[in-house]
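Here is a short briefing on one protein structure. Look over the sequence and the structure, then read the points below.

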Amino acid sequence: MAFFSPSVLLHVLKPALLTQSARGHKMKAMKSWSGGVNYPGFKYYPRPGEVDPPYKPTKLFLIQRIKPFAMNTVREKRYLNSIGLGEDKVIGSYAIVKNTTDMNAKLWYIKHLIKITPITTPDGLPVNDDYSSYHLDHATGVLRIIPELKPDEKRLELQENHHNSPKKMKTDVWKKHARQQWLAQWW
């Protein structure tokens, strides 16, 4: 592949128009390049017949910290603390955040410290704040309903009745009794 100097390229690209990039540099744009789609910060020129597939963004992200907290800038540490992956958490800790514009800006700034996995919900989002039968796969980010995980209502009621029973011996009572038995002379 031959390398051409900028003067040779300017001579070859005579039919080109001068445009200005986002950074203020003068660029060449071909006259034949038409039909570009304007996005924030750039212009996209799709190929003829190319159509973007429909994409519905996820509502939640699963964030995993993969780098240490120490030796980062104050801003990066502040962003990690705001997400819930501060210095009190170990490497490999997880947090779930919303997919919003301001959160995406924070994640972009600390993307070298974390792993981002979109959470997909093929069975739908939890209703009535009942998370007992849901399972989140950390590797793939899939939130599934598993009916076998749902606790039995009768067993939950029996457990609650047992904990609130007046006949149940309290912890401090049996500890006191056990200590008295230990200190008593048994020989």
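**Surface, helices and a salt bridge**

Phe 42 is partly exposed, because its relative accessible area is 48%, and the band for that label runs between 20% and 50%. The model is a predicted one. The points below cover a surface patch, a pair of helices and a salt bridge.

**Nonpolar patch**

- Phe 42 lies in strand E4, which covers residues 42-44.
- Together with Val 37 and Tyr 39, Phe 42 forms a nonpolar patch on the surface.
- The accessible area of Val 37, Tyr 39 and Phe 42 together is about 260 Å².

**Helix pair**

- Two packed helices are described by the angle between their axes and the distance between the axes.
- For helix H2 (residues 74-83) and helix H3 (residues 101-109), the axes come within 10 Å and cross at roughly 130°.
- H2 is therefore oblique to H3, since an angle over 145 degrees would be needed for roughly antiparallel and 65 to 115 for roughly perpendicular.
- The crossing in which H2 passes H3 is left-handed.

**Salt bridge**

- One salt bridge is found in a search of the whole structure.
- Its partners are the side chains of Arg 144 and Asp 123, at 3.6 Å from N to O.
- The pair links distant parts of the chain, 21 residues apart.
- Arg 144 is in strand E9 (residues 142-145), while Asp 123 is in the loop between strand E7 (114-119) and strand E8 (134-137).
- Arg 144 is partly exposed, with a relative accessible area of 38%.
- Asp 123 also counts as partly exposed, at 36% relative accessibility.

Methods:
Residues are numbered from 1 along each chain as its sequence is written. This is a predicted model: local features need pLDDT of at least 70, side-chain atom pairs count only at pLDDT 80 or more; totals for chains, interfaces and linings use all residues. Side-chain values use heavy atoms; hydrogens and water are left out. Patches are made of residues with over 30% relative accessible area and no salt bridge: like charges are joined within 9 Å, nonpolar side chains (Val, Leu, Ile, Met, Phe, Trp, Tyr) within 5 Å. Accessible areas come from the Shrake-Rupley method with a 1.4 Å probe; for residues, only the protein chains shown count as cover. A salt bridge is a side-chain nitrogen of Lys or Arg within 4 Å of a carboxyl oxygen of Asp or Glu. Helices (H or I, at least four residues) and strands (E, at least two) are DSSP runs, numbered from the N terminus. Buried means under 20% relative accessible area, exposed over 50%, partly exposed in between (1.4 Å probe, protein chains only). Axes are lines fitted to C-alpha atoms, for helices over the stretch in contact, and angles run from 0 to 180 degrees between N-to-C directions. Angles under 35 degrees count as roughly parallel, over 145 as roughly antiparallel, 65 to 115 as roughly perpendicular and the rest as oblique. A crossing is left-handed if the near helix is turned anticlockwise from the far one by less than a right angle, and right-handed if clockwise.
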